[in-house]
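These are my notebook entries on a single protein model. I record what I looked up, entry by entry.

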Amino acid sequence: MRIELHIGRLVFDGITPGRPEALRTALESELADLLSGDPITPHQDHHLHRATPPPITAAADSAVLGRRIARAVHGTLRLPGGAGDPR
């Protein structure tokens with residue numbers, strides 16, 4: 001199965017990530033681990049144009065914040081009506 005996920009924009013309300021590259025690397029790595037360990041299983045091709053994960057608690061460490069974002073994105077993909085649900 002092939003999964004393509006493009007995150008066009010992350011919105012940070014009230015914080016500025018200290019190290020954007022560390023955040024991006026952690027987000028990509030954690031999301032890849034999550035999707036390989038607990039993949040979404042679509043029954044057909046899907047295009048999710050906008051997803052809104054739940055609010056995430058800020059972290060001083062950019063890598064920690066990246067992993068939190070990845071878990072929120074993965075959880076959103078698993079929700080009914082998200083990319084993992086063919087309805």
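In which helix does His74 lie? I found His74 in helix α2. Helices (H or I, at least four residues) and strands (E, at least two) are taken here as DSSP runs, numbered from the N terminus.

**Basis of the entries.** The model is predicted: local features need pLDDT of at least 70, side-chain atom pairs count only at pLDDT 80 or more, and totals for chains, interfaces and linings use all residues. Residues are numbered from 1 along each chain as its sequence is written, and side-chain values use heavy atoms, with hydrogens and water left out.

**Entry 1: overall.** I noted two helices and zero strands in the protein. Helix α1 covers residues 20–37, and helix α2 covers residues 62–78. I then looked up burial, where buried means under 20% relative accessible area, exposed over 50%, and partly exposed in between (1.4 Å probe, protein chains only). Of the 87 residues, 26% count as buried. The accessible surface comes to about 6300 Å², and 51% of this surface belongs to carbon and sulfur atoms. Such areas come from the Shrake-Rupley method with a 1.4 Å probe; for residues, only the protein chains shown count as cover. For contacts (heavy atoms within 4.5 Å), I recorded that 70% of those with a separation of 6 or more are between residues 24 or more positions apart.

**Entry 2: helix α2, residue by residue.** I began with His74, which is buried at a relative accessible area of 6%. Leaving aside neighbours within four places in sequence, His74 is in contact with Leu31, Leu34, Leu35 and Asp38. Leu77 lies in helix α2 as well and is buried, with a relative accessible area of 7%. Between Leu77 and Ile40 I noted a C-alpha to C-alpha distance of 7.2 Å, against 37 residues in sequence. Ser62 also belongs to helix α2. Is Ser62 buried or exposed? Ser62 is buried, at 5% relative accessible area. Not counting residues up to four places away in sequence, Ser62 touches Pro17, Gly18, Arg19, Ala22 and Leu23.

**Entry 3: the loop between the helices.** I looked up Ile56, which is found in the loop between α1 and α2. Ile56 counts as partly exposed, at 33% relative accessibility. Beyond four places in sequence, Ile56 touches Leu65, Arg68, Ile69 and Ala72. Ile56 and Ile69 are 13 residues apart in sequence and 6.9 Å apart in space, C-alpha to C-alpha.

**Entry 4: salt bridges.** How many salt bridges does the structure hold? I recorded three, a salt bridge being a side-chain nitrogen of Lys or Arg within 4 Å of a carboxyl oxygen of Asp or Glu. Side chains of opposite charge can pair when their charged atoms come close.

The side chains of Glu21 and Arg24 meet at 2.6 Å, N to O. Glu21 and Arg24 are three residues apart in helix α1, so about one helical turn separates them. Both are partly exposed: Glu21 has a relative accessible area of 48%, and Arg24 stands at 40%.

Arg24 also forms a salt bridge with Glu28, at 2.7 Å, N to O. Arg24 and Glu28 are four residues apart in helix α1, so they too are separated by about one helical turn. Glu28 is partly exposed at 44%.

The salt bridge of Glu30 and Arg71 has an N to O distance of 3.3 Å. This pair links distant parts of the chain, with Glu30 in helix α1 and Arg71 in helix α2, 41 residues apart. Glu30 counts as buried at 16% relative accessibility, whereas Arg71 is partly exposed at 44%. Salt bridges with shared partners join Glu21, Arg24 and Glu28 into one network.

Entry 5: I looked up the second largest pocket, whose volume is about 220 Å³. On a 1 Å grid over the protein atoms alone, a pocket is an open set of points where a 1.4 Å probe fits, with protein on both sides within 12 Å along at least five of seven lines; lining residues have an atom within 4 Å of a point. Grid points are joined across faces, edges and corners, and a volume is the space filled by probe spheres set on the points. The lining includes Arg24 and Glu28, and among the others are Leu5, His6, Leu23 and Leu31. The lining residues divide into seven nonpolar, two polar and three charged. Here Ala, Val, Leu, Ile, Met, Phe, Trp, Tyr, Cys and Pro count as nonpolar, Asp, Glu, Lys and Arg as charged, and the others, Gly among them, as polar.
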